[in-house]
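Me: I would like a close look at a single part of this model. Keep it brisk, please.
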Amino acid sequence: MSDPAPAADTRRPSGERARPHLLVLRALGLGDFLTAVPALRALERAHPGWSMQLAAPPAHADLLALAGLDWALLPTEGPATPPWPYAEPPETAVNLHGSGPESVRALRALGPRRLWSYAHPQAGGHPGPAWPTGMHDVDLWCGLLAYYGISADRGDLRLLLPRARAEPAGA
């Protein structure tokens, strides 16, 4: 997994643009992470060369690796504004956290150029598709991306096998 860049990177050659940042908020538990895997993979495929960040609980670092995602983890609990260690705001922030307005406000606080979310009238009238009811989370997140023109495969749920741990000498 890549680590976040320092807030002020003065080593970039003059005239070179920084890689755009994509931030996803999904600061919930294990099952919630797993239902977002098809959407996370679709976002990664749709944004080659971008710097990808997931705002999620610290324990999700291992889950990112098992999902085969090379994303930086921004440790976040709940629908809070994640720590943002970069000089530039996210080019795109994606709300895969839930239906409440808190997650939209948390992402909006970072000043992303684009914020993809379901509509939230209580969050300053944020536009987007209406929140569907009675839908599995996998379909919910794949549907959100479809609204924004990104195709996600709801069956893309596979995880990599963890590497076998070496036995201690003399065991």
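What do the buried residues of α4 pack against?

Reply: They pack against α1, β4 (92-95) and β5 (114-116). Helices (H or I, at least four residues) and strands (E, at least two) are DSSP runs, numbered from the N terminus. This is a predicted model, in which local features need pLDDT of at least 70, side-chain atom pairs count only at pLDDT 80 or more, and totals for chains, interfaces and linings use all residues. Residues are numbered from 1 along each chain as its sequence is written, and side-chain values use heavy atoms, with hydrogens and water left out.

The buried residues of α4 are Val138, Leu140, Trp141, Cys142, Leu144 and Leu145. Buried means under 20% relative accessible area (1.4 Å probe, protein chains only).

Now the helix pair. α1 spans residues 30-46 and α4 residues 137-147. Their axes lie 8 Å apart, at an angle of about 25°. Axes are lines fitted to C-alpha atoms over the stretch in contact, and angles run from 0 to 180 degrees between N-to-C directions. The two helices are therefore roughly parallel (an angle under 35 degrees). From α1, the contact (heavy atoms within 4.5 Å) uses Asp32, Thr35, Ala36, Pro38, Ala39, Ala42 and Leu43. From α4 come Asp137, Val138, Trp141, Cys142 and Leu145. By class, that makes nine nonpolar, one polar and two charged residues. Here Ala, Val, Leu, Ile, Met, Phe, Trp, Tyr, Cys and Pro count as nonpolar, Asp, Glu, Lys and Arg as charged, and the others, Gly among them, as polar.

Just after α4, Gly149 has a positive phi of about 85°.

Conventions. Angles under 35 degrees count as roughly parallel, over 145 as roughly antiparallel, 65 to 115 as roughly perpendicular and the rest as oblique. Buried means under 20% relative accessible area, exposed over 50%, partly exposed in between (1.4 Å probe, protein chains only).
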